[in-house]
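Q: I would like to learn how to read salt bridges in a model. Please take me through them with an example.

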Amino acid sequence: MTIPEEFKTRLKIAKSKIKGQVLSDSEKRGSFMGSAFKLGTELVAAVAVGTIIGFILDTWFDTKPWLIIIFFFLGAAAGLLNVIRTANRMQKED
Amino acid sequence: MASNPMQQFSVHKIGPEIKIAGIDLSFTNASLFMVISASTILLFLFLGTKEKKIIPDKVQLVAEMFYSFVAKMINDTAGSKAKPYFPFIFSLFMFVLFCNMIGMLPYSFTVTSHIIVTLILALFIFIAVTIIGFAKHGFKYLSIFVPSGVPAVLLPLITIIEIISYLSRPVSLSVRLFANMMAGHTMLKVFGGFVISLGILGGWLPLGFSVALTGLEILVAFLQAYVFAILTCIYLNDALNLHH
C-alpha cells in the first residue's frame, strides 16, 4: 500500500506539532512533584538498605554496633549517588 | 467505622478459606481487584484489536496509543536490544496503570497501595534484570559495581557503595509506588471526612479540595505507572548495555 503524498505532509505537520508541544502548568507541577518524590525515595531507600545490611552483618559477626554505624554512612553515600544519577538523567531528558 | 481513613486498605477474605501446605491462599478483596484489573485489560485489548481497521475507532485508537507509547518508551530508554522484553514491560505497565485507575473508582480497592504487591513486582524485576545481566555478560556483569576512573585506594569503598545503590533499587521502586498510592487515597478519604463533619455550612471548601485532589490522583496514578515502567527500562538498559 502506498501512502498518498497529501497524507505524508499532514503526518509531517502533526509530528512537528507534537514535538513543539509544551506541557500545561498543572501537568508541569505534577511531574515536578513526581520527580521530587522520586529523588526522596532514592535517598531514603539506599539509607534503609545500608542500615539493614549493617544490622545483618552485625548479628553475624557479633560486632554491635560498629558495622551498623559504618553501613549507615555508606548507605547515605549510596543514596546521594542515586540522587545525583537520577538528577543527571532528568537533566538529559529535558 | 467509615470515618477511619485507613479502613479502605484492609484486606478481607471473600469466600471459603483455602489452605495449601500451611500457606493461606484464600481469595481476598485484593485478589478480586487484581483479577478485575487483569480481565479489564484483556477485554480492552481484545476489543481494541478485534477489527483491525485502517481508520481506527475509539477503543482501537486508545489501544494503539498504549502500544506505541510503551514501544517508544522502551526504544528511547533501553535501545533496540530491549525489543524482546516489550511484552513484559507492556503487561507490567498496563497492570500497574489499571490497578491504579480502578482504585480511583469509589468503593473499590487499590491493589498497588499495599507494599507487598509492589515489592513483589519490584523484586521480580530486580531478580530478572540481574539474571539477564549475568546471562548476557557472564561475570563481566559485576563490572557495573566498579566505575571506571576511580583511584585504587577508594575502589573498595566505592564498590560497597555501588552494591548498596544496586540493592536499593527494588526498595525505592516499590516504596515509591506504594507510598504515592497510599498517601493519595488516605488524603482523599480525610478530605471526604471533613466534608461530612463540617456539614452543609463549612463543607464546601473540603469538597472543592476533594474534587481537585481526585484530578491530581488520576494524574499520579498514570505518572506512577509510567515511572514504574520507565525505571524497569532503565534497569534493563544497564543490564543489556554495560557501561552506558
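The dialogue below covers salt bridges and their surroundings.

A: This is a predicted model, in which local features need pLDDT of at least 70 and side-chain atom pairs count only at pLDDT 80 or more, while totals for chains, interfaces and linings use all residues. Residues are numbered from 1 along each chain as written, chains are lettered from A in the order written, and side-chain values use heavy atoms, without hydrogens and water.

Q: How many salt bridges are there over all chains?

A: A salt bridge is a side-chain nitrogen of Lys or Arg within 4 Å of a carboxyl oxygen of Asp or Glu. The structure has four of them over all chains.

Q: Which residue forms a salt bridge with Glu42(A)?

A: The partner is Arg176(B), with 3.2 Å between the closest N and O atoms. This pair crosses between chains, from helix H2 (residues 25-61) of chain A to helix H5 (residues 155-202) of chain B; helices are DSSP runs of H or I, at least four residues, numbered from the N terminus.

Q: Is Glu42(A) buried or exposed?

A: Buried means under 20% relative accessible area, exposed over 50%, and partly exposed in between (1.4 Å probe, protein chains only). Glu42(A) is at 6%, so it counts as buried, and Arg176(B) is buried at 2%.

Q: What does Glu162(B) pair with?

A: Glu162(B) forms a salt bridge with Arg85(A), the closest N and O atoms being 2.7 Å apart. Because Glu162(B) lies in helix H5 of chain B and Arg85(A) in helix H3 (residues 66-93) of chain A, the pair joins two chains. Glu162(B) is buried at 6%, whereas Arg85(A) is partly exposed at 36%.
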